[in-house]
Structure formats: structure tokens, C-alpha cells
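Please keep the sequence and the model in view while reading.

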Amino acid sequence: MDQEAQARSRVGTTLCNKWTLEKLLGVGGMAAVYVAQHKIGRREAIKILHPDVARSPELRARFEQEAHLANRFKHPGAVEIRDIDTDVDGIPVFATIKDAVAETGANASCIFIPAPGVRAAVMEAAEGGIEFIVCITEGVPAQDEAWFYNKLQRDFPSVQLLGPNCPGIISPGKCNIGITAGHIAKPAVAGEKNVGIVSRSGTLTYQALYELQQQGIGVTTCVGIGGDPVPGTTFIDCLKAFEADPETHAIMMIGEIGGSAEEEAADFIKSSVSKPVSSYIAGVTAPAGKKMGHAGAIVSGNTGTAKAKMEALEA
């Protein structure tokens, strides 16, 4: 495999460090520390891009883009299976995620790796002291999702998982963990009416952010919870957070066919949410039994239909 092909096979994990962003930028939030998970032959490693690959102009450009340097996020450290105690272009290199957490105080990880390695990646992050795990990867086996979701609930109850199969989370102007473009979102403005967004759909998340920006409406936080059958974070988790957030004045909830998450959210909104909630349900014309993009977006019999969800939210 040539160098370019190796570079394309290696994908990133993000660690975030609140102290670093406050120190470097003078604002609250979390700064990005990019590590990588890759597979070399039969050996699997949760480590950073190999230095000789990281020095290639093409990969460095991709690395910097993914690191959201356009949004001024900085890198306190990275992880590599070799060349320990060195650095890549000034980014310190650690042997493991646990070592990186101990050295930098990182508290979040973003997983982009291929689906077969996600289960191990989630557990390494949790065991390494990460408190917030964002999993972007699509196509993770439902059995693996159920396994690590329940493992986290049982053995790491303080760890919050977002995803898999999601675009991540962004608080515009403060922090961006995932694949959402920061320039399409307007930061929340103190003293103005700001919106919080929670969505199962990645594409509609981006559209909502952009259209709110065009209307001059700020967003406190936008959470893409993903469309898989076993999500780590639910609509209700986000609704609770937005209800408690004094900077969020209204909530936008974007759902889709499949499952019962929207119906459960509708019940929670009636009983526990005082702020205005606007909702959109995708998949009105999707035929029964036909998967609509996401693994969880499928209507089975009378369960998970757009009509049922809309009726629940309108009630």
C-alpha cells in the first residue's frame, strides 16, 4: 500500500481540552486534539497519523481541515503507536489515549474509524478517562452498539455517548466535535432569542443551521443524535439540557420515520418542556419496509410512521 493509500485509510479521533481553549483563546469550551485510529496489516492501533504520513502536504491539509483550524481550535496533543515522546509539527505525541488524557486533561473523544473497530474504540476512550464520546461512524453493527451502550451504562455511568452514525455536536463559536461545518452556524448572542437544535438527520441538521443563520438567529448548541437503532444520546436527553439552559429560548427537533423516539419525546415535551418546540418529521412518503438512509429509519407495520409521529407531536 503506498503512502497516499495509507493516509486515506487512517481516520481521526478527537480529544478535547477545556483548559487549553480557555488558555489559548480566552473563551470557554473545548479545544480539539486529534488522534487517529488505523489498521496496519494485522495490527490494530488507536494512535495518531504516522509522522512521515502527517508531513505529506495532502494529508496535512486534510488533517488541519478536520481539526477545524478555520474555527481557531488548537491541538494540545496526539497519540501514536511509535515515536513516543516526539511530536508532529509541534503537536505532542503520546502512546495511548490514557496517557493523552493524563497529560492534557482531555475530556472528549470523536471517533471516525471504520465500523469494525468502533466497539474497541469506544471502550478505549471510556477506559482511558474520556467523559464524552462522539461516534461519527456509520454502519456499526447493531449488536456492537447494544453491547457498548449497555457496557457504558453499567460500568461507566458518568460517560455520555453521542451516536453512532451522527454528525456530532457544535456550539457555534465555542466548540465543534464532529463533521458539522462551523461557518454555516451563527453563534448564540447574549440578550437575543437563541435556538437549540436536536436532530436524527445529518443533512437536515446542516440545512437548519444554515437557514437560521440566514435569518440572523443564533444557535446555542446543535446536537446530531444519529439515526441508528441504539443511539447513545436521545431526544429526551437533549430536550432536558435545552430546557435547563438559560441561553436557549426555543428548540428545534428534527425527526424521521422509524422507532418511537419522537413519540417518547412528544410525551416528554408535554410534561416537562416549557419552551417553544418546533419539529419536523422526515420520510412522509417513504413506503413501509423501505429503509430511508439510516438503519433506524424504517417503518415496520404500523410502528414508526411519519403520521403517528406528527400526530403525537401535535397532540
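In which loop is the place of alanine 185? Alanine 185 is in the loop between strand 11 (175-178) and strand 12, where helices and strands are DSSP runs (H or I of at least four residues for helices, E of at least two for strands) numbered from the N terminus.

## Basis of the model

This is a predicted model, in which local features need pLDDT of at least 70 and side-chain atom pairs count only at pLDDT 80 or more, while totals for chains, interfaces and linings use all residues. Residues are numbered from 1 along each chain as its sequence is written, and side-chain values use heavy atoms, with hydrogens and water left out.

## Overall picture

The secondary structure of the protein comes to 11 helices and 15 strands. Of its 315 residues, 51% count as buried, a term that means under 20% relative accessible area, with exposed meaning over 50% and partly exposed in between (1.4 Å probe, protein chains only). Among contacts between residues at least 6 apart in sequence, 71% join residues at least 24 apart, contact meaning heavy atoms within 4.5 Å.

Alanine 185 counts as buried, at 7% relative accessibility. Leaving aside residues up to four places away in sequence, alanine 185 touches Pro172, Leu209 and Gln213. The C-alpha atoms of alanine 185 and glutamine 207 are separated by 9.8 Å, and these residues are 22 apart along the chain.

Glycine 259 is placed in the loop between strand 14 and helix 10, and at 40% relative accessibility glycine 259 counts as partly exposed. Its C-alpha atom is separated by 9.7 Å from that of aspartate 228, 31 residues apart along the chain.

Two packed helices are described by the angle between their axes and the distance between the axes. Helix 9 (residues 235-244) and helix 10 (residues 261-272) pack at an angle of about 25 degrees, with axes 9 Å apart; axes are lines fitted to C-alpha atoms, for helices over the stretch in contact, and angles run from 0 to 180 degrees between N-to-C directions. Helix 9 and helix 10 are therefore roughly parallel to each other, on a scale where angles under 35 degrees count as roughly parallel, over 145 as roughly antiparallel, 65 to 115 as roughly perpendicular and the rest as oblique. On the side of helix 9, Phe235, Ile236, Leu239, Lys240 and Glu243 meet residues of helix 10 that include Ala261, Ala265, Phe268 and Ile269. The residues of this contact divide into seven nonpolar, one polar and four charged, where Ala, Val, Leu, Ile, Met, Phe, Trp, Tyr, Cys and Pro count as nonpolar, Asp, Glu, Lys and Arg as charged, and the others, Gly among them, as polar.

In helix 9, Phe235, Cys238, Leu239 and Phe242 are buried. They cover an arc of only 100 degrees around the axis, which puts them on the same side of helix 9, the arc being that of the directions from the helix axis to the C-beta atoms. What covers these buried residues includes strand 12 (195-199), strand 13 (219-224), strand 14 (250-256) and helix 10.

The axes of helix 10 and helix 11 (residues 306-314) come within 8 Å and cross at roughly 5 degrees, and that makes helix 10 roughly parallel to helix 11. Ala261, Glu262, Glu263, Ala266, Ile269 and Lys270 of helix 10 make the contact with Ala308, Lys309, Ala312 and Leu313 of helix 11.

## Helix 5

The buried residues of helix 5 (residues 97-104) are Ile97, Ala100, Val101 and Thr104. Seen down the axis, these buried residues fall within an arc of 100 degrees, so they line one face of helix 5. The face turned away from the buried side carries the exposed residues Lys98, Ala102 and Glu103. Just after helix 5, glycine 105 takes a positive phi of about 80 degrees.

## Backbone features in one loop

Most residues other than glycine have a negative phi, and most peptide bonds are trans. A cis peptide bond joins glycine 163 and proline 164, with omega about 5 degrees, and proline 164 lies in the loop between strand 9 (160-162) and strand 10 (168-171). Asparagine 165 is found in the loop between strand 9 and strand 10 as well, and its phi is near 60 degrees, a positive value in a residue other than glycine. Asparagine 165 is buried, with a relative accessible area of 8%.
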